[in-house]
Amino acid sequence: MFKLILCCDYTREPERRLLRGLSDFAATEGGWSFFRIPPDVYKNSGRRMEVAERARAIGADAIFGRWDGVDRALSDPLGIPVVLRTVHTEYPDYPMLSGEYREIGRMAARFYVKQHYDHYAFFGYEGLIWSDERLEGFEEVLKGRNVNLSSLKTDLGNPDEEDIKEWLLRLPKPVALFATNDVLASMAGQLCLETGIRIPDEVAILGADNDTFLCNITTPAISSIHLDFEKQGYELGEALSRMRKEGIMPPIRIKVHPTDIEERGSTLRHNIKDPYIRRIVDFIDTHFDTPISMEDIVRDIPLSRRSIEIRFKKEMAPETILTYLNGLRIKLMCKYLATTDLPVTLAAEKAGFTDVFNVGRSFKRYTGTSPEQYRKQALADQARRTTATPAINSNVAASFCQSSDSNPIK
């Protein structure tokens, strides 16, 4: 039996996704039990001894999560792996959960740059490494561009809503706002509504973590960067199992990565000033999955073909009409390949391609892989996320009930 103490917050979806990945690994290996510690213990450095006492009492094999105030003098005598997930502090001697935080910021900036904004904003936390690194990645992509960037950092535990409202009102409009996580993205959305700021026309909002509940109860729903928390949780399980078997605790970093962006109502698809190009883009967005021709696309535009191409490139660079159209079709085709068993040619046809037998070259140009390889990888990822059997999952779920809520530390 592998007994793991959890010092975790279960109130948000990202944490639950991470623990789902961990429980998937536990179910695959078998023989794991989980024991929860209440937040008022692990978040209180003055009560740090109680976590160690609980570990000794149950004969724990490892500890994972936030453990404020822990040091090697306290953890080493336990003789078990301790993997930390912290908010404010880096622990160089411990294995920790981390992330490609700068890449999250870069993905947010690239998403907005394609929409051709002149004004950008970042809304983050004061003094948190992961939030600062997301800002650094955001700035990195915008550097050297002729754009304006404003930023505001708020206190994690006590944000000043009046200051935030004033900042939102002062921002030049329209502005592309990246919030360091969905909590702040949702807050920004609510405060915009309270102050009469129109979303997404005046302020577009993009969050991170893709907390679907939080994103969808905000009006309009928040677009968000999806992170592979399930994969991180699975890798955490592998690392804990390996550390237990090898009897070592290397200071590794188990990272979460951004995968894609879930677009919802809080972001515009484009910030296009040219009315003719907006008409073209709106037409393509509406009809791309049908066999439209270039003549269909430009039929109602009172300009020469050459003028249209020049103006399109100016608004949508580096996209041309054709690359923009094919990009939408490839994205839809990817969805069909990942979620259905349609043959590749039929998936291409349903995505709007007419030359379905030669679509592989375009697909590889956009995705870096063939349609067959893309489907194989998508199915493998899905299989990994659903590894656990119902019977084993029931045991894992039951082990969560052996919690400190019913067995409090005295």
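**Figure 1. Salt bridges across the whole structure.** A search of the whole predicted model finds 31 salt bridges. Side chains of opposite charge can pair when their charged atoms come close. The protein chain carries 55 positive and 59 negative side chains. The centres of these two sets lie 3 Å apart. The views that follow show some of the bridges one by one, then turn to other local features.

**Figure 2. The salt bridge between glutamate 230 and arginine 20.** The closest N and O atoms of glutamate 230 and arginine 20 are 3.6 Å apart. Glutamate 230 belongs to helix α10 and arginine 20 to helix α1, which covers residues 13-29, so the bridge ties together parts that are 210 residues apart in sequence.

**Figure 3. The salt bridge between lysine 273 and aspartate 118.** The side chains of lysine 273 and aspartate 118 meet at 3.4 Å, N to O. Lysine 273 sits in the loop between β12 (258-262) and α11 (275-287), and aspartate 118 in the loop between α5 and β6, so this pair ties together parts that are 155 residues apart in sequence. Lysine 273 is exposed, with a relative accessible area of 55%. Aspartate 118 is partly exposed, with a value of 36%.

**Figure 4. The salt bridge between glutamate 103 and arginine 110.** Glutamate 103 and arginine 110 pair through their side chains, with an N to O distance of 2.4 Å. Glutamate 103 has a relative accessible area of 21% and is partly exposed. Arginine 110 also counts as partly exposed, at 36% relative accessibility.

Figure 5. Salt bridges link Arg12, Arg134, Asp209 and Asp211 in a network. One of these residues, aspartate 209, lies in the loop between β9 and α9, the latter being residues 212-216. Aspartate 209 is buried, with a relative accessible area of 6%. Its phi angle is near 110°, a positive value in a residue other than glycine.

**Figure 6. The backbone at histidine 116.** Phi of histidine 116 is near 65°, which is positive although the residue is not glycine. Histidine 116 is placed in the loop between α5 (101-113) and β6 (119-125). With a relative accessible area of 17%, histidine 116 is buried.

Figure 7. The bond from lysine 173 to proline 174 is cis, with omega near -5°. Proline 174 is in the loop between α7 and β8, a strand of residues 175-179. The bond from isoleucine 199 to proline 200 is cis as well, with omega near 0°. Proline 200 occupies the loop between α8 (182-195) and β9 (203-208).

**Figure 8. A patch of negative charge on the surface.** The patch gathers Asp160, Glu161, Asp163 and Glu166. Among them, glutamate 161 is placed in helix α7, which runs over residues 161-170. Glutamate 161 counts as partly exposed, at 35% relative accessibility.

**Figure 9. Serine 241 and its surroundings.** Serine 241 is part of helix α10, residues 229-246. Serine 241 is buried, with a relative accessible area of 5%. Which residues does serine 241 contact, leaving aside its neighbours within four places in sequence? They are Phe25, Glu29 and Trp32. Glutamate 315 is 74 residues from serine 241 in sequence, and their C-alpha atoms are 52 Å apart in space.

**Figure 10. The whole chain, as a setting for the close-up views.** The secondary structure of the protein chain comes to 18 helices and 12 strands. Its C-alpha trace spans about 80 × 55 × 35 Å along the principal axes. Of the 410 residues, 50% are buried. Among contacts with a separation of 6 or more, 71% are between residues 24 or more positions apart. The chain exposes about 19,400 Å², and carbon and sulfur atoms supply 51% of this area.

Definitions and conventions. Residues numbered from 1 in each chain as written. Predicted model: local features only at pLDDT ≥ 70, side-chain atom pairs only at ≥ 80, totals over all residues. Heavy atoms only, no water. Patch = residues over 30% accessible without salt bridge, like charges linked within 9 Å, V, L, I, M, F, W, Y side chains within 5 Å. Areas by Shrake-Rupley, 256 points an atom, 1.4 Å probe, with all protein chains shown as cover. Salt bridge = Lys/Arg side-chain N within 4 Å of Asp/Glu carboxyl O. Lys, Arg positive; Asp, Glu negative; His and termini not counted. Charge placed at Lys NZ, Arg CZ, Asp CG, Glu CD. Helix = DSSP H or I, 4+ residues; strand = E, 2+ residues; numbered from the N terminus. Buried < 20%, exposed > 50% of the residue type's maximum accessible area, 1.4 Å probe, protein only. Contact = heavy atoms within 4.5 Å.
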